[in-house]
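Here is a short briefing on one protein structure. Look through the sequence and the model first, then read the points below.

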Amino acid sequence: MIVPDRYEFAAGTLIGTEPHSRDLPPSNMDPARALEDALIPALARGTLAVAFSGGRDSSIVLAAATRAARREGLPEPIAVTTNYPGDPGADESRWQELIIRFLGLREWQRSTVVGGEHEIIGPVALPVLRKHGVLLPGNAASWVPMLREMQGSTLATGAGGDSLFEARRWGPFGDLRSGRSGLGPHEARNTIHAVSPLPIKKLVARARLRRSFPWLQPAARTIVTQRLAKQHATEPIRWDRRVAWFRRLRNELLNNSTLDLLARGEGVTMRHPLFDEGFLSALATRGGRDGMGTRSQVMVNVFSGWLPEEVLNRSDKGQFGEVFWGPRCRSFVRRWSGAGVDAEMVDPIALANVWAQPQPDARTYQLLQAAWLASDHVEDQGETLGR
């Protein structure tokens with residue numbers, strides 16, 4: 001289990017990478033086929049469900065499981081979806097229905113959440129907080145209802161897709177070097193930054209991070225931004241090396257281990273196929289030195305024909321802030337005394353200002369939960385904070 005230190009907990013994100021005993025070996029496999037193969041053992045064991053939001057990452061996992069099942073003559077996966085009709089930003093129903101029709105899936109299990117049930121100090125989260133204490137990420141408890149529905153099954157997720165496919169720091173340099181783009185201002189700046197010495201990269205990264213984490217005390221913010229700047233500066237330039245680096249990111253590994261912990265408590269086996277070594281080896285080999293371009297270009301290059309083109313090329317995604325931060329959270333914040341957070345790490349006044357925003361930074365969710373646990377709260381949270 002990956003454990004955050006004081007600085008990481010206060011910042012709401014883990015920093016750096018874990019050592020890994022093996023590099024990714026070269027592969028002659030098609031990455032799409034490798035992703036299918038990664039799901040065959042789970043399909044063969046029994047019921048495989050896929051946590052399906054309608055976003056691209058969960059959609060390619062659902063498509064991979066469906067294709068693998070049909071190819072191997074195994075039971076098809078069950079798409080499992082949680083919908084939030086009270087939050088327009090979280091409405092992915094159009095994309096969900098389009099993808100299910102395209103794949104021709106017969107089993108789609110949907111549940112509807114209303115009334116702030118999944119708030120980070122709501123009725124779903126509170127038993128998890130009492131049992132485990134505060135977990136990162138702060139919205140992890142929202143998975144528990146889905147896990148309970150799938151007891152005895154395997155649940156596959158699209159975890160890691162944002163970091164793997166989209167957040168590539170040196171992408172414009174790779175696009176320029178490969179000839180996919182010309183030398184515009186953005187590419188020029190990124191190229192100069194990419195080939196700069198490591199100390200310069202760190203300085204630039206720290207300058208870009210100077211307004212981040214406004215809720216941290218100055219000394220803590222300095223340490224966090226220094227460490228995060230080092231991570232940014234040392235991100236590999238080559239696509240294939242970055243894919244290998246991705247699977248060692250502490251923040252991604254923590255997210256997975258938290259979900260695995262909750263799944264074990266509900267009798268569910270969790271799988272995160274975007275971290276499968278065979279898939280990542282094939283993806284790294286396909287992209288080689290300079291990668292395959294933007295996230296949409298990667299999706300089309302690797303998964304063309306798996307999903308509708310408009311899904312592979314979509315540029316938006318669901319926003320779930322209102323789901324996790326609603327009336328209960330706002331009511332607690334209005335009564336908060338400033339207690340329950342590490343004052344050496346966190347400035348309570350600055351944190352209160354962050355929490356006063358309509359949708360506070362999700363990296364502060366765990367601090368609200370810590371404050372709630374330390375407060376003189378009453379057991380019936382819904383009755384007290386729902387007023």
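Contact means heavy atoms within 4.5 Å. This is a predicted model, in which local features need pLDDT of at least 70, side-chain atom pairs count only at pLDDT 80 or more, and totals for chains, interfaces and linings use all residues. Residues are numbered from 1 along each chain as its sequence is written, and side-chain values use heavy atoms, with hydrogens and water left out.

**Ser142**
- Ser142 sits in the loop between α5 (125–132) and α6 (144–149). Helices (H or I, at least four residues) and strands (E, at least two) are DSSP runs, numbered from the N terminus.
- Not counting residues up to four places away in sequence, Ser142 touches His118, Val124 and Phe324.
- Why is Ser142 counted as buried? Its relative accessibility is 15%; buried means under 20% relative accessible area, exposed over 50%, partly exposed in between (1.4 Å probe, protein chains only).
- A polar atom of the Ser142 side chain lies 2.8 Å from the backbone oxygen of Asn139.

**Arg328**
- Arg328 belongs to helix α18 (residues 327–335).
- Arg328 is buried yet has no salt bridge (a side-chain nitrogen of Lys or Arg within 4 Å of a carboxyl oxygen of Asp or Glu).
- Lys and Arg count as positive and Asp and Glu as negative; His and the chain ends are not counted.
- The backbone oxygen of Gly116 is 3.2 Å from a polar atom of the Arg328 side chain.

**Helix α2**
- Helix α2 (residues 31–45) has a kink of about 30 degrees at Leu39, shortly before the proline Pro41. The bend at a residue is the angle between axes fitted to the seven residues ending there and the seven starting there.
- Buried residues of α2 include Pro31, Leu35, Leu39 and Leu43.
- Those buried residues pack against β1 (48–51), α3, β4 (154–156), α14 (277–287) and α15 (295–303).
- Gly46 follows α2 and has a positive phi, near 150 degrees.

**Nonpolar cores**
- A nonpolar core is a set of buried Ala, Val, Leu, Ile, Met, Phe, Trp, Tyr and Cys residues joined through side-chain atoms within 4.5 Å.
- The largest has 52 residues, of which Phe165, Phe279, Phe303 and Leu307 touch the most other members.
- Helix α3 gives this core its largest share, 8 residues.
- Another core, of 37 residues, lies apart from it and has Val113, Leu129, Ala205 and Trp215 among its members.

Definitions and conventions: A polar contact is a pair of N or O atoms within 3.5 Å; within protein, one must be able to donate a hydrogen and the other to accept it, and residues adjacent in sequence count only if both atoms are side-chain atoms.
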